[in-house]
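Dear colleague,

Please find below the sequence and the structure that I am handing over to you.

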Amino acid sequence: MDLDVYVTAHRAEWERLDHLLRRGGRLTGAEADELVALYQRTATHLSIVQSSTPDPMLTARLTQLVARARAAVTGTRRSSWRDAVRFLTAGFPAAVYRSRHWWIPTAVLSTLLAVLIGWWIGTHPEVQASIGASGDLREMTRPDGQYETYYSSHPAASFAAQVWTNNAQAAAMCLVLGAFLGIPVLWILFLNMLNLGVGIGLMSSAGRLDVFLGLILPHGLLELTAVFVAAGTGLRLGWTVIDPGPRPRRAALAEQGRSAVGMAIGLALVLFVSGLIEGFVTPSGLPTWARIAIGIGAELAFLVYVYVLGGRAARAGDIGDLEEPDRSAALPAAA
């Protein structure tokens, strides 16, 4: 395609669209109809230029023009409490539900890895010796040792806030770094499972695995589920880079990226709950069975939330993305 000829043929339409946009709300009915038609044609022109002879300056000009026209055609919309309610009751659980084929295998394989590491450490004294001196390990695993006092070493409120911040950062990293083919996500998962496996191995070798599980399970079930959801979503985003499916790679990544941003917000709320449990329930004087029951209850509540509300929303067509008016305009593909 001869770019100069193409520009000459359509410059008048672009200038007319720009003129109508500058007039703002002072348009007649016929002019408003003309603006919509010019917006649609200019969006097609932009798609053709991008796919045939991408010129940076022309592409930038048309992109800006199309964005202004779209804003004028669709108008602006303010977020409201209704958006927040829709996100919590449909958008977020639907996104988690739709990505279950990624985070459930991630959870199963990661848990097996942590158990395997724990078994390896717990049954091999030479591996334990490589972790630390025997006196230091005894100090960590003895009654009222570091593993037990860790959860009560700070005031509950500040400890819960710190735990929430750290876990939210880890989940956000899984979501953001997934675009790098998912490789950083695998490393973050491995470090988390390594830490868990070391605790399992050392406490089991000291004959106190039941104490360790009594401290981990109340908050760990929900906390690790949130991490697995974040990691699975990050891996899904990484796979989209490799295989975007029938859609253009940019469109597929945009959809998955928007879903990941929403997922980060939702998981921050989930991790806030697990942080409260870790700060107030785990170090409490409640019997072990009661603390574990609270953790199981929180985990079951989250799974019901995902599979009931999320499954219903997903079957109704909700993909966990922004609503149609809030998405960027999808440009028609050039033939």
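A cavity here is a set of points, on a 1 Å grid over the protein atoms alone, where a 1.4 Å probe fits but cannot get out. Grid points are joined across faces, edges and corners, and a volume is the space filled by probe spheres set on the points. This is a predicted model, in which local features need pLDDT of at least 70 and side-chain atom pairs count only at pLDDT 80 or more, while totals for chains, interfaces and linings use all residues. Residues are numbered from 1 along each chain as its sequence is written, and side-chain values use heavy atoms, with hydrogens and water left out.

The cavity

Searching the whole structure gives 1 cavity of 30 Å³ or more. The largest cavity holds about 60 Å³ of space. Its lining (residues with an atom within 4 Å of a point) consists of A95, R98, R236, E255, Q256, S259 and I319. These comprise 2 nonpolar, 2 polar and 3 charged residues (Ala, Val, Leu, Ile, Met, Phe, Trp, Tyr, Cys and Pro count as nonpolar, Asp, Glu, Lys and Arg as charged, and the others, Gly among them, as polar). Helices α4 (81-98) and α12 (249-281) each supply at least two of the lining residues, and α12 gives the largest share, 3 residues. Helices are DSSP runs (H or I, at least four residues), numbered from the N terminus.

Helix packing

Axes are lines fitted to C-alpha atoms over the stretch in contact, and angles run from 0 to 180 degrees between N-to-C directions. Contact means heavy atoms within 4.5 Å.

The helices α4 and α12 pack at about 110°, their axes 9 Å apart. That angle makes α4 roughly perpendicular to α12 (65 to 115 degrees; under 35 is roughly parallel, over 145 roughly antiparallel and the rest oblique). On the α4 side the contact involves F87, L88, F92, A95 and V96, and on the α12 side S259, G262, M263, I265, G266, L267, L269 and V270. By class, this contact has 10 nonpolar, 3 polar and no charged residues.

Helix α5 (residues 100-122) packs against α11 (residues 209-242) at an angle of about 120°, with 8 Å between the axes. Helix α5 is therefore oblique to α11. Residues W102, W103, T106, A107, S110 and T111 of α5 meet T225, F228, V229, A231, G232, L235, R236 and W239 of α11.

For α11 and α13 (residues 288-315), the angle is about 10° and the axes are 7 Å apart. These two helices are therefore roughly parallel to each other.

Yours sincerely

Definitions and conventions: 1 Å grid on protein atoms, 1.4 Å probe; cavity = no way out; pocket = protein on both sides within 12 Å on 5 of 7 lines; lining within 4 Å.
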